[in-house]
Amino acid sequence: MKVELQNLTKIFPSRNKKENSEVIAVNNFTFEIPDGKLVGLLGPSGCGKSTTLYMISGLQKPTSGKIFFGDEDVTELTPENRGIGLVFQNYALYPHMTVKQNILFPLQNLKGEDKMDKETMLKRAYEAAKLVQIDELMDRKPSELSGGQQQRVAIARALVKMPRVLLLDEPLSNLDARLRLQTREEIRRIQRETGITTVFVTHDQEEAMSISDVIVVMKLGVVQQVGKPQEVYDNPTNLFVAKFLGTPPINVFDGEVKGGKLYLGESAVLDVPGVDDRAVYVGIRPEGFVPAEDGVLEANLSNVEVMGRDVSIVSTHSASLNPVVRSIVDADYKIDRASETVKLNLKPHKVFLFDKETEERIYFEVN
Amino acid sequence: MSDLNVMQNRDMKKVSAQQKVVKIIVKIMLYAFLITMGIIVLFPFYWMIISSLKTMDEYRLAIPTLIPQYFDFRNYVDVFTSKDLILGRLFLNTLYVGVVSTALSLVITVLSAFAFARLEFKGKDALFALLLATMMIPGELFTITNYQTVNTFGWMKTYTVLIVPFLVSIFYIYLLKQNFMQVPNELYLAAKVDGTSDIKYLWKVMIPLALPTIISITILKMMGSWNSYMWPRLVANDDAHRLITNGLRTAFTDASGVTDIPVQMAAVAVVSTPLFLVFIFLRKYIMKGVSRSGIKG
Amino acid sequence: MTESKQNVFQWFVEVFCKQWVWQKFCVNLVYKKFDKWKGWLYLSPALVLLAIFTIWPIFNTIRMSLLEGYTTMKAVNGQSFAFGIGNFTRVLKYPGFITCLKNTVLLCVLTVPISTFLALLIAVCLNSIKFLNRFLQTVFFLPYVTNSIAIGMVFAAMFNMIIGGSVRPDSVGIVNNVLEALGFNYVNWVNAGSEYWANIVVMTVYIVWNALPFKILILLGGLQSVNKQYYEAAKVDGTSRARTFWRITVPLLSPMLAYVIITGFIGGFKEYSSIVGIFGESMGPVGDAYALDTMVGFIYRAIGNQEGTASAAAIILFFIIFAVTMVNLYVSKKKTHY
């Protein structure tokens, strides 16, 4: 099922009656979620990603704009009539019911022609449980389950009525680090197996990058960029997206373009054909540096962290806007720790220029 | 999984219209029910006030008036000048007993709660459990012996007998102790290392932090004095010490059991006014205290 | 310890402890020694009063209940009493006590379920509205801050007839006026010659009215602490209102419901002042005094003249309350879910 959001806007009235300050949680969001894909809504807290999810679910009404499932306008429909499955951040499993009862619950609500007999319901419940691999735990209560198991039950409950769209609100945030890795693979697998269009919300860019088909980066209610994870990473449209994606984060410098050359401090570091003379922000991915004898960028070396496969060079530079410049290079490069400085070359496709005012990307030709 | 897809193929427009109608009907029913219940709950108060403003003749009408024909405040004059009910005296008695017993009770409660919450001594837990267990016993069981005890002490028909026996409330100690326990123990240890005395610590740290609970206790205790009926009637039902509720129940009814209802309603309104005032201004504290208690007054 | 001695002691502690790295440990240790008696000192006012007015009565009441025909008057005159369970058997055979027991149980069985269900309904409705919410909350809590005797008198007035006319009373009371307007006959609720069932109806109405605010407050508090996501999850699953109420709200609220029901029964078995409010000290309509007497009423009338009987009745009351509470706890443990 394709999901289409048209000019979706949500404005919360201000809590303080005297001040007339409203909060625009989501601002003019237009986006089409292709059928059968896994989409990650990504952004820092308060960026409107959860509000968007809740509007898709029908639990919150948009202030303006429309939502389509396929060709149907569902904007005015209540959640139960939309045919969605929703997994809450803290799962919202009914504490007084067993796993089986929790999974059966949505099916028992069906009315009229959709009504099922007991056998079918039970069969469906076991199918859903098997899919998330909890069919052994059906008679336990939620309090007797681990966080990861509760998560699976919540997914099974959302899947059991074969929703048209599956929505996950911060699905991994309540799990510990090890379980998080495991569960995100699991979500990917379940989504592939069922082929249900799935939208999930997260503030963790790594999580979104690793499993989504498409990610949507949001900031203060406005969509910044939409695309395949790798595309967005390789080609950020503005400084915010560049800074938000990637660990370790991107290195940002104050730079200047003069006569088609990019200057960091005094030294020219890169040809940037087609860019007018101006001051710019320069973003360089940590993997965009190559140590070299004749490196164009000379930085003061402060530390070298060896991490097995890679080496992380920590240095400082007068033009850097971050406290340190961090570059990740292959462990084959031998760095002299005693040396005061390190010389680096740049990989042009890992260097991004941004306008100082709008922070929008300034493109240049990479040859 | 099964290929059945229950969510598909709905007539979306129809469903959307339907759910709107259902929503409105449910809302109307909700409000109709709540407002009806609200009127039923408030009606006695309304009836009390309008009856107190009627003459006896108007009150006797076969078809009663919902608004008095004219507002007659004579009943209130009667209440305050009645020889049957010396209202001023009853007010003062009740106020005196209420204030003194609340003040003393607070001191005892705070000290005990502090001891249970912060001090270490042998048998503390056992003692506290024992005290909690006595809360199970109905108060009437104590009253029988207490009646003898105060008689032996020669306290009958004094203010003392109205104040002293009920100074300690295990429930209030329990309430305050729970509140005190939420204050981190490190604060107490730090104060000890700095050489702060217990009393100073209690006064400067614990009491300000537990103030909402202390206010709740104060209000509930005052209301308790205002509403107490059984014990005062047993031990101090003389003209000098009678409390308000006792005075009220028997007033304005003559020997044959005929009651002058409008005047009686005026008296009830007068007695209820302080409670309403407290309610209006301190509702938050009362509700907070009550929601943690199970005991009225 | 005198003040000067204490000062010297404190000085000693300070000087001594400052010499050591483990100063903090030392101070704690010394204060712990103080605390041994300090705790008891702080508790002493409470303990003295409790010993006199709570602990001693427990033993004394048991003693009196086991001394046959005990009265204070005779005890003061030096009379001694036989030891035995005569008081209990006498109380249980006494018709007045049986009436009291019957009235108390009847009122409990009627008022607790009605008031609990109504309170639950009101709380759930209140919890699902926004407009007028605070106002209605205040309205429903108002009966709590009233004097049960005083408002009892108002209820009595609402049900009261004023006899005067030859064919029908001058005034039949506002409740009867409403009944007549709805096409029913008027009923003698509380006046002389009124029937028992009518009296019980009046008492039930009044006790339920009185019990509602506390129950609504507790249940509403419980509802507000229920995680909203359970309801959102139910909504997404298309759960009907009735099903949400019975399958989610009631089970999640079961601890509060149990609390409200247990306190309701305990209060119900101690019913007394609401009846005095409506019928006065005679605990019944004119000409039929004590028709609505209760256990507590029985105990109070025996104080001062028949302490043995009163004690026995109080202990019986205790055991009834204890048993009912235990049954309630047992049932609620089976029915409440976490």
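Which domains does the domain assignment give for chain C? Keep in mind as you look around that this is a predicted model.

**Stop 1: the domains of chain C.** Select residues 3-65 of chain C for domain 1, then 86-335 for domain 2; these bounds come from the domain assignment. Where the two domains touch, domain 1 of chain C supplies 4 residues and domain 2 of chain C supplies 7. On the domain 1 side of that contact you will find 2 nonpolar residues, 2 polar ones and no charged ones.

**Stop 2: the boundary of chains B and C.** Now bring up chain B next to chain C: 70 residues of chain B are in contact with 82 residues of chain C. Colour helix α14 of chain B, residues 261-291, which gives the most to the chain B side, with 14 residues. Colouring that side by class shows 47 nonpolar, 16 polar and 7 charged residues.

**Stop 3: the core.** Pick Ala267(B) and Ala313(C), which touch the most other members of the largest nonpolar core, a set of 252 residues. Stay on Ala313(C) and show its contacts beyond four places in sequence: Val91(C), Phe97(C), Met295(C), Phe298(C), Ile299(C) and Ala302(C).

**Stop 4: a sheet in chain A.** Finish with the open sheet of 6 strands in chain A, antiparallel in its pairing and ordered β13-β12-β11-β14-β20-β21. At its edges stand β13 (267-271) and β21 (361-362) of chain A; each has a single partner strand, so one side of each lacks a neighbour in the sheet. Then zoom in on β11 (251-258) and β12 (261-264) of chain A, an antiparallel pair with 3 bridges. Here Val257(A) has Leu262(A) in β12(A) as its bridge partner.

Technical notes
Residues are numbered from 1 along each chain as its sequence is written. Chains are lettered from A and ligands numbered from 1 in the order in which they are written. This is a predicted model: local features need pLDDT of at least 70, side-chain atom pairs count only at pLDDT 80 or more; totals for chains, interfaces and linings use all residues. Domain bounds come from an automatic or database domain assignment. Ala, Val, Leu, Ile, Met, Phe, Trp, Tyr, Cys and Pro count as nonpolar, Asp, Glu, Lys and Arg as charged, and the others, Gly among them, as polar. A nonpolar core is a set of buried Ala, Val, Leu, Ile, Met, Phe, Trp, Tyr and Cys residues joined through C-beta atoms within 7 Å. A residue is buried if 20 or more other C-beta atoms lie within 10 Å of its own, exposed if 12 or fewer, and partly exposed in between; C-beta atoms are placed from the backbone. Two strands pair if DSSP finds at least two bridges between them. Helices (H or I, at least four residues) and strands (E, at least two) are DSSP runs, numbered from the N terminus.
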